[in-house]
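Work through the exercises below with the sequence and the coordinates at hand. Each task is followed by a solution in steps.

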Amino acid sequence: MDDRGTPSPAGPRPRRRDRHGRGMRGPVAPPQVPLAASRAEVFADLVRDSVERLERRWEQLAEVEFLVLEVPRLEGTGADAPADEGVPLGGIVPAREGRRARVVVYRRPIEIRTKGRDERAELVHEVVVEQVAELLGLTPETVDPRYGEE
């Protein structure tokens with residue numbers, strides 16, 4: 001309603017603050033600040049850093065696609081599934097006609113196994129190195145001489 005007692009055509013406006021001037025004002029941090037990055041984005045950055053480190057040494061990795069998925073899709077989870085196999089941390093999909101080879105890193109299993117950012121970055125790099133080594137048919141120590149060191 002306006003001052004004359006007639007309803008306004010636009011209807012009531014949404015309230016941004018309470019009557020005391022308090023309430024939500026805006027985002028806590030601007031989007032460019034790391035605080036605003038989600039866990040998935042931070043994890044993808046760890047994978048990207050690891051891949052960039054390896055691409056300097058192995059040019060053929062430019063033809064490989066690197067993916068981050070939440071969790072692996074487990075095949076054969078019924079009674080015939082092996083009980084001693086754990087949840088994979090990564091995997092590879094070989095190249096096929098018209099498709100590039102893929103290295104997949106699974107975010108949630110790695111996050112569950114690590115406590116902090118440094119430990120997570122180290123495990124991500126180990127998983128990427130292991131998957132690249134399997135894809136190229138090499139040992140992880142050949143792919144990255146610092147593999148296994150802390």
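**Exercise 1.** In this predicted model, list the residues through which α1 and α3 meet, and sort the contact by class.

Solution. Step 1: take the α1 side, where F43, L46, V47, S50, V51, R53 and L54 make the contact. Step 2: take the α3 side, which contributes R117, R120, A121, V124, H125, V128, V129 and V132. Step 3: sort by class; the contact of α1 with α3 comprises ten nonpolar, two polar and three charged residues.

**Exercise 2.** Describe how α1 and α3 pack: what are the angle and the distance between their axes, and which hand does the crossing have?

Solution. Step 1: two packed helices are described by the angle between their axes and the distance between the axes. Step 2: α1 spans residues 39-55 and α3 spans residues 117-136. Step 3: their axes lie 9 Å apart, at an angle of about 50°. Step 4: angles of 65 to 115 degrees count as roughly perpendicular and those under 35 degrees as roughly parallel, so α1 is oblique to α3. Step 5: the crossing of α1 past α3 is right-handed.

**Exercise 3.** Characterise the second largest pocket: how much space does it hold, which residues lie nearest its centre, and which helix gives the most to its lining?

Solution. Step 1: the space in the second largest pocket is about 310 Å³. Step 2: its lining consists of 14 residues, and R53, A121, E122, H125 and R146 lie nearest the centre. Step 3: assign the lining to helices; α1 and α3 each supply at least two residues, and α3 gives the most, with five. Step 4: by class, the lining of this pocket has seven charged, four nonpolar and three polar residues. Step 5: compare with Exercise 1; R53 of α1 and A121 and H125 of α3 are among the residues in the helix contact, and R53, A121 and H125 are also among those nearest the pocket centre.

**Exercise 4.** How many cavities of 30 Å³ or more does the structure hold, and what lines the largest cavity?

Solution. Step 1: there is one cavity of 30 Å³ or more. Step 2: the largest cavity contains about 50 Å³ of space. Step 3: its lining is made up of V93, P94, R96, R99, R100 and R102. Step 4: by class, this lining divides into four charged, two nonpolar and no polar residues.

Conventions:
Residues are numbered from 1 along each chain as its sequence is written. This is a predicted model: local features need pLDDT of at least 70, side-chain atom pairs count only at pLDDT 80 or more; totals for chains, interfaces and linings use all residues. Side-chain values use heavy atoms; hydrogens and water are left out. Axes are lines fitted to C-alpha atoms, for helices over the stretch in contact, and angles run from 0 to 180 degrees between N-to-C directions. Helices (H or I, at least four residues) and strands (E, at least two) are DSSP runs, numbered from the N terminus. Angles under 35 degrees count as roughly parallel, over 145 as roughly antiparallel, 65 to 115 as roughly perpendicular and the rest as oblique. A crossing is left-handed if the near helix is turned anticlockwise from the far one by less than a right angle, and right-handed if clockwise. Contact means heavy atoms within 4.5 Å. Ala, Val, Leu, Ile, Met, Phe, Trp, Tyr, Cys and Pro count as nonpolar, Asp, Glu, Lys and Arg as charged, and the others, Gly among them, as polar. On a 1 Å grid over the protein atoms alone, a cavity is a set of points where a 1.4 Å probe fits but cannot get out, and a pocket is an open set with protein on both sides within 12 Å along at least five of seven lines; lining residues have an atom within 4 Å of a point. Grid points are joined across faces, edges and corners, and a volume is the space filled by probe spheres set on the points.
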